[in-house]
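Hi there,

Here is the structure I promised to pass on to you. Please have a look at it first, and then read my notes below.

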Amino acid sequence: MGDPAAAGALHIHQDVALLAAYLDAGCPSFYHLAAGRGAYLVPTRGTIEVNGTPAAPRSGTAVSRVDALTIRATDAAEIVLMDLPRPPRTARVDARLRLDEGAGPWLDATSIGGAFMADFQTLQEIAHAARANLAQSAWDYLTGGGESETTLKRNRLGLDSIGLRPRVCRDVTQIDCSTEFLGQTVRLPVCIAPMGSLQLLEPAGADGVVRAADEFGIPAFLSSLTEPQIEDIGPQTNRPMVYQIYVRGDDSWVATFVKRAVNSGCGAVCFTVDLALYGRRERDLMKRYRPPTRQAGDLAAFHFQTAWNWDNVKRFKDAHDIPLIIKGIATAEDAEIAVEHGVDVIYVSNHGGRQLDHGCATIDVLPEVAAAVAGRAKIMIDGGFMRGTDVVKAIALGAHAVGLGKLIGMGLAGGGREGVLRTLEILEEEITTALGLMGVTRFDELGSSFLRSASPVVQPHLLSPFPFINFTDKGY
Ligand code: GLV
């Protein structure tokens with residue numbers, strides 16, 4: 001039955017058995033259709049009509065006939081095919097079709113294949129699937145923090161202590177969540193935060209994350225301490241990445257890494273500066289668990305990072321003509337020094353609460369940093385951002401983009417590349433809903449007048465944004 005890609009584009013207005021002929025013979029949904037047992041056609045983007053009836057968004061339409069099946073897309077659309085009887089939400093989907101825009105009322109379809117966790121409707125379900133898929137050690141590595149996890153919990157406390165002040169009776173028919181960041185138009189003001197050891201969460205590791213970001217339309221930071229390496233990932237992505245470097249050598253070592261980044265298509269580099277010493281992650285220590293980032297090869301040259309200081313930043317700026325992001329700024333004073341050194345993006349972060357314990361919530365630090373930077377550089381932030389409303393709060397307080405770490409890690413663990421993609425799609429739905437309900441249609445209409453202080457309604461912790469899921473926290 002041949003390679004679907006080699007079959008090229010095909011008209012979807014035709015008998016499903018014929019359609020199946022263009023796709024992998026091992027695809028059970030098509031087999032079920034051909035055998036008269038039916039399948040679901042689920043639109044995951046855009047709208048489709050199946051035999052003249054609009055398919056319900058996301059839950060799809062059951063199809064049992066093999067002849068005269070016609071699918072009409074009103075716009076660019078994507079559909080997945082799922083077997084009947086419909087399996088639970090972690091169903092493996094056998095084929096995915098993209099209907100290209102502008103090809104007329106009967107559009108061309110190309111199989112892009114692969115497993116797809118099509119049925120996640122909420123971020124809570126993705127977090128749940130991640131927990132179900134991960135061993136305790138990997139889950140704790142992903143979600144844990146330093147020592148008593150006070151910083152980690154404060155990140156959430158800070159976000160939960162801000163209430164939204166919506167404005168009403170405004171026309172919010174056309175909501176546009178896109179912005180400009182790092183010289184790119186981005187679909188949402190979010191980036192994939194750099195994460196070490198992604199291969200612990202899912203075999204695709206960083207490849208799944210970067211490809212999902214590329215497909216969705218946001219920039220990804222790639223950690224120098226994750227797998228696969230940048231040379232393997234660079235060719236897979238169309239969108240410039242940011243290479244995040246943990247320093248393990250002198251200036252010439254850094255220059256080699258910058259060259260690797262540029263040669264692999266990166267548009268900027270990032271140094272993480274809140275890890276001069278490695279935080280005491282007690283969930284890992286109490287299990288005697290050493291993640292790949294703590295293994296011998298990496299530790300031998302750790303002292304270069306411990307010694308790294310503003311002189312290194314100055315020498316870097318003098319030597320390299322590439323945008324520089326410093327991640328781990330937690331005070332107005334350091335934001336000012338970074339701006340004086342010509343840093344292009346000030347990244348407010350406490351490493352998701354994994355490093356210094358008893359630090360402050362990043363969202364609480366953001367206003368002083370934004371005031372110090374005063375428009376002289378771009379500002380990023382991360383630290384426990386799990387919901388669309390979290391992103392809205394950060395942008396209203398002066399951030400240009402929000403880094404997503406643990407949430408994306410959960411998407412990867414919950415469903416691989418497609419899980420990350422679905423995470424971003426749901427986040428976009430949350431953000432669109434939040435903006436519209438706040439009476440704005442674009443992020444640049446937001447400001448601090450849309451916020452006020454408020455009391456958290458639950459005891460904040462990393463997973464308190466997902467209250468419908470009963471996470472049993474063994475700790476170690
Ligand atoms: C690495 O950056 C980690 O936090 O484990």
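**Salt bridges and a helix pair**

Arginine 376 counts as partly exposed, since its relative accessibility is 45% (buried means under 20% relative accessible area, exposed over 50%, partly exposed in between, with a 1.4 Å probe and protein chains only). Before going further, please note that this is a predicted model, in which local features need pLDDT of at least 70, side-chain atom pairs count only at pLDDT 80 or more, and totals for chains, interfaces and linings use all residues. Residues are numbered from 1 along each chain as its sequence is written, and side-chain values use heavy atoms, with hydrogens and water left out.

The side chain of arginine 376 forms a salt bridge with that of glutamate 336, at 2.7 Å from N to O (a salt bridge is a side-chain nitrogen of Lys or Arg within 4 Å of a carboxyl oxygen of Asp or Glu). Arginine 376 sits in the loop between helix 15 (362-373) and strand 19 (378-381), and glutamate 336 in helix 14 (residues 332-340), so the pair ties together parts that are 40 residues apart in sequence. Helices (H or I, at least four residues) and strands (E, at least two) are DSSP runs, numbered from the N terminus. Glutamate 336 is partly exposed too, at 26% relative accessibility.

By the rule above, there are 18 salt bridges. Another one joins arginine 283 and aspartate 140, at 3.3 Å from N to O. This pair links distant parts of the chain, with arginine 283 in helix 10 (residues 282-287) and aspartate 140 in helix 5 (residues 136-143), 143 residues apart. Arginine 283 is buried at 14% relative accessibility, and aspartate 140 is buried at 2%.

There is also a salt bridge between glutamate 418 and arginine 417, whose closest N and O atoms are 2.9 Å apart. Glutamate 418 is buried, at 3%, whereas arginine 417 is partly exposed, at 24%. Through shared partners, salt bridges join Asp140, Glu149, Arg283 and Lys287 into one network.

Now for the helix pair. Helix 7 (residues 205-216) packs with helix 17 (residues 406-437) at an angle of about 15°, their axes 10 Å apart (axes are lines fitted to C-alpha atoms, for helices over the stretch in contact, and angles run from 0 to 180 degrees between N-to-C directions). That makes helix 7 roughly parallel to helix 17, a term for angles under 35 degrees. Among the residues that meet are Val209 and Phe216 in helix 7 and Leu412 and Arg417 in helix 17 (contact means heavy atoms within 4.5 Å).

Best wishes

Key. Parallel < 35°, antiparallel > 145°, perpendicular 65-115°, else oblique.
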